[in-house]
Amino acid sequence: MNTSLTLLKFNSKAGSKEKIIEIISNNWKINGKKIFEILQREYGHEITYQAVHKMLQELEQENIVEKQGNTYTINQGWIKNNKTFFEQLEKRLGKYKQTKN
């Protein structure tokens, strides 16, 4: 089963932040150096370690990732908020489809 976020796959040219989120979602408790290495190896992404570190800080400030020691995980609150959003979207879509029939 592929656990990659489908939302991130909509754009095959996803930005670095989106790729970082995907990497962390597939590698819980991963450090910045490993994220940097995966970006380069798996995505052929030309990026500096400093740029990765800056994006990790931004993602942390946006409450998307959490830093625990020197490792990063996806923020559980962010996951819950997005789950709620998509559940509400699904309900609205269902109601919309019912009114169209």
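## The sheet

Two strands count as paired here if DSSP finds at least two bridges between them. With that in hand, let's look at this predicted model. Its three strands form an open sheet, lined up in the order E1-E3-E2 with antiparallel pairing. Strand E1 (30-31) and strand E2 (65-68) each have a single partner strand, so they sit at the edges and one side of each has no neighbour in the sheet.

Now zoom in on one pairing. E2 runs antiparallel to strand E3 (residues 71-74), and four bridges link the two. One of the residues to look for is Val-65, whose bridge partner in E3 is Ile-74.

## Helices on the sheet

Which strands does helix H2 lie across? Follow residues 16-26 and you'll see this helix lying across E1, E2 and E3, at about 95° to E3. Helix H4 (residues 49-61) packs on the sheet too, where it touches E2 and E3. The direction of H4 makes about 110° with that of E2.

## Where H2 meets H3

Who makes the contact? On the H2 side, look for Lys-19, Ile-20, Glu-22, Ile-23 and Ile-24. H3 brings Ile-35, Ile-38, Leu-39 and Tyr-43. Sorted by kind, the residues of this contact between H2 and H3 come out as seven nonpolar, two charged and no polar.

Technical notes:
Residues numbered from 1 in each chain as written. Predicted model: local features only at pLDDT ≥ 70, side-chain atom pairs only at ≥ 80, totals over all residues. Heavy atoms only, no water. Contact = heavy atoms within 4.5 Å. Axes fitted to C-alpha atoms, helices over the stretch in contact; angles between N-to-C directions. Nonpolar A, V, L, I, M, F, W, Y, C, P; charged D, E, K, R; others polar.
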